[in-house]
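Here is a short briefing to read with the model open beside you. Please keep in mind that this is a predicted model.

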Amino acid sequence: MTKQVRQLDRVVIRFAGDSGDGMQLTGDRFTSETAQLGNDISTLPNFPAEIRAPAGTLPGVSSFQVHFADFDILTPGDAPNVLVAMNPAALKANIADLPKGASIIVNTDEFTKRNLAKVGYASNPLEDGSLDGWAVAPVGLTSMTVKALETHGVSKKDAERAKNMFALGLLSWMYSRPHESTLRFLERKFAARPELVAANIAAFKAGWNFGETTENFAVRYEVKPAKMDAGNYRNITGNAALALGVVAAGVRAELPVFLGAYPITPASDILHELSKHKKFGVTTVQAEDEIAAIGVALGASYGGALGVTTTSGPGVALKGETISLAVALELPLLIIDVQRAGPSTGLPTKTEQADLNMALFGRHGEAPVAVIAPRSPADCFNAAIEAARIALTYRTPVILLSDGYIANGSEPWRLPEVADLPDLRTEFATEPNGEDGTTFLPYLRDPVTLARPWAVPGTPGLEHRIGGLEKADKTGDISYDPANHDFMVRTRAARIEGIEVPDVEVEDPDGTARVLVLGWGSTYGPIGAAARALRQRGLPIAQAHLRHLSPLPKNLGAVLAAYDKVVIPEMNLGQLAGVIRSKFLIDAIAYNQVRGLPFTAAELESVLEEVVKNA
C-alpha cells in the first residue's frame with residue numbers, strides 16, 4: 001500500500017498511560033530518535049509521586065509530551081496534536097488538554113467495564129459519541145503485541161508490558177523517525193535477558209509494520225530538521241546538563257569535585273550522573289541525610305575541593321544552618337536546588353519557582369549568598385560553570401535554582417569546545433601574608449573581590465582557626481567586639497554585591513515597546529513564545545530574563561525605568577515581583593500560577609496582550 005506523505009513544520013505528541021506502562025521510557029526514546037533526525041525539541045515529562053499508584057486510576061496516570069519542529073521552539077507545546085492513550089484513565093486525565101480535531105490513538109484492549117468504572121465513565125467514550133470532535137484511531141495495542149510475541153518464549157505478562165514498544169514503533173513510523181538507536185538501546189537495556197531483547201524489538205517492529213500496512217493510518221508525516229548553528233549536538237535533560245557543567249567546572253578549575261547528596265526528587269539524577277565520572281576527579285557520597293550531605297561538601301571545600309550539594313526545597317531548609325556556616329567561613333560551595341511544588345512534601349514530582357525567597361533570605365543572621373538560575377535544560381551546563389566561577393572567585397556559597405520542569409525536560413545541546421570554557425583556576429594560599437612575613441592572616445581580603453585566602457589544611461605556616469563564631473578582621477580570631485561584627489557583616493554583604501555579573505539584555509526588536517515582561521528560570525520559554533506571538537501580530541513588547549538574582553545586574557534599574565509597565569510572570573505568588581518592588585520602587589505587575597505545571601504560551605500571550613493594549 002502506498003501511503004501519502006505530508007510535510008509538517010511542528011508536532012506535539014503526548015504519550016499517556018498507567019505509571020507501569022513505560023510512558024517515560026517511550027517518550028524518551030521517541031525524543032532521542034527525533035534529536036537524531038535534527039529537529040528542535042522540547043519535552044515535558046509528567047508523572048505521579050507514588051512509586052506505583054493504583055493501576056488504571058487517575059492518580060496513576062503518567063505522561064510524556066514532546067514538541068518537535070523544523071524551526072526554533074521554546075516550549076514543549078501548549079496542547080498535544082496527538083494523544084496516545086493506553087487506558088481510560090489516560091484518556092480522561094488528558095482529554096481536556098486536547099483541542100478539537102486533534103488525533104487520539106487509543107488502546108481499545110483496556111477499555112473494559114472494570115477500567116471504565118475506575119475512572120467514572122458511565123459508558124464507553126469510544127462508543128457513546130463523546131469523542132466525535134476528535135480524530136480517534138482505535139488500536140488493540142495490547143492484544144496485537146501479545147499476538148506478535150507468541151513465538152518469542154516470553155510470558156503473557158512480559159508480552160503485555162512490551163505494548164509501549166508497539167506504540168513507539170507505530171509513532172516512529174507515522175512521523176518518519178529513525179529507529180536504529182532505539183533497537184541498540186533495547187539491546188543494552190535488556191542485555192541480561194536476551195529473550196526480552198528479542199521480544200521488545202519484535203514489538204517495536206510489529207508497531208512499525210502495522211503502521212506501514214494498516215488502512216487505519218493512510219498518511220505518514222515528515223518534519224524536516226531545524227536550522228541550527230554548526231556543531232555537534234545531543235539531547236540533554238537539565239539534570240544531566242547540570243552534572244556535566246559541574247564536571248567541566250572541576251576540570252577548568254583544576255580541582256577535584258566532591259558531591260555530598262541525599263536522594264530527593266527531582267534532584268537525584270544529578271547524583272546518579274556525577275557518580276559516572278570518577279575519571280574526572282569526581283567523588284560522590286550519598287550521605288545519611290540532608291544535613292550530613294552539605295556538611296561533607298563544605299568540609300571538602302575546606303580541604304581544597306570544589307564542594308557541591310544537590311537537593312530540593314525541603315532539603316534546602318535543612319541545609320540552612322550549614323549554608324550560614326559557609327557564609328561565615330567564606331568558602332566556595334555550590335548548593336543546587338531543583339525546586340518542586342511545596343510546602344512541606346507538597347507535590348514532589350511537580351514544578352514550582354517558590355524557593356526564591358528561601359534562597360535569598362532563608363538563613364539566620366545576615367548571611368547573603370549569590371543566587372543564579374538557568375533558563376532551560378541546555379542552559380544548565382553554563383549556569384553550573386557560572387555558579388562555580390562565582391563561588392571560587394569570591395569564596396562564597398552559591399545557590400543555583402533549577403526546577404522540576406527544567407530538570408526532567410530536554411532539548412538539543414551543542415557540545416562546547418573545552419578551550420572555549422572559562423578558565424576557573426584559583427590560587428591557594430601557600431605562604432604567610434602578614435606584613436612581618438611570618439604571620440598568616442586568613443581574613444586579609446583581595447582588594448577587588450573582597451575574597452579571603454583559601455588555605456588548604458596542612459600547609460606549613462598557614463594554621464588558622466575555623467568555625468562559626470564571628471571572626472576578627474584579618475586575623476580570624478574569635479571576636480565579640482561590636483564594631484568588628486558590624487564591619488564583618490557589612491563586608492560579607494559588600495562581597496556579594498560586588499560580584500561582577502553581566503548586564504541584563506533586553507529583547508525589544510523595534511525599540512517601541514512600552515511594556516517589559518521580566519522573567520527568571522524556566523519561565524523563559526513560555527515568556528519568549530508569548531512575546532514572539534504578540535510581535536508577529538504587530539503588538540510591540542520587550543522581554544528581559546534574569547540569570548543572576550543575587551546580586552542583580554547593575555543595569556537592571558535603568559532597564560526597568562525605561563518602560564511604562566513591567567510584568568513579572570512566576571510560578572509562585574510573586575517572589576521576584578516583591579524583590580523588584582522593594583529594591584527599585586517599580587509597581588511591577590505580578591502574574592502568578594502555582595499549579596505544579598509550567599505556564600502555557602497561550603495564557604501568557606493573553607495576559608500580556610491585555611497589558612500592552614492598555615499601556
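Which residues lie nearest the centre of the largest pocket? They are Arg375, Ser376, Asp379, Glu411 and Tyr524, out of 50 residues that line the largest pocket.

**The largest pocket**
- The largest pocket holds about 1500 Å³ of space.
- Two or more lining residues come from each of β3 (40-46), α14 (379-394), α15 (404-408), β16 (410-414), α17 (524-536) and β19 (542-546).
- The top contributor to this lining is α17, with 6 residues.
- By type, the lining has 24 nonpolar, 11 polar and 15 charged residues.

**The second largest pocket**
- About 880 Å³ of space lies in the second largest pocket.
- It is lined by 27 residues, and Asp28, Thr237, Ala240, Asp269 and Asn408 are the closest to its centre.
- At least two lining residues each come from α1 (23-37), β3, β9 (233-237), α9 (238-253), α10 (268-274) and α15.
- Here α1 gives the most, with 6 residues.
- The lining divides into 9 nonpolar, 12 polar and 6 charged residues.

**An open sheet**
- You can trace 7 strands in the order β11-β10-β12-β13-β15-β14-β20, with mixed pairing.
- β11 (282-286) and β20 (548-550) are the edge strands, each with a single partner, so one side of each has no neighbour in the sheet.
- On average, neighbouring strands of this sheet are turned by 20° against each other, direction ignored.
- β10 (residues 257-261) pairs with β11 in the parallel sense over 5 bridges.
- Ala261 stands opposite Gln286 in β11.

How values were computed: Residues are numbered from 1 along each chain as its sequence is written. This is a predicted model: local features need pLDDT of at least 70, side-chain atom pairs count only at pLDDT 80 or more; totals for chains, interfaces and linings use all residues. Side-chain values use heavy atoms; hydrogens and water are left out. Two strands pair if DSSP finds at least two bridges between them. Helices (H or I, at least four residues) and strands (E, at least two) are DSSP runs, numbered from the N terminus. Axes are lines fitted to C-alpha atoms, for helices over the stretch in contact, and angles run from 0 to 180 degrees between N-to-C directions. On a 1 Å grid over the protein atoms alone, a cavity is a set of points where a 1.4 Å probe fits but cannot get out, and a pocket is an open set with protein on both sides within 12 Å along at least five of seven lines; lining residues have an atom within 4 Å of a point. Grid points are joined across faces, edges and corners, and a volume is the space filled by probe spheres set on the points. Ala, Val, Leu, Ile, Met, Phe, Trp, Tyr, Cys and Pro count as nonpolar, Asp, Glu, Lys and Arg as charged, and the others, Gly among them, as polar.
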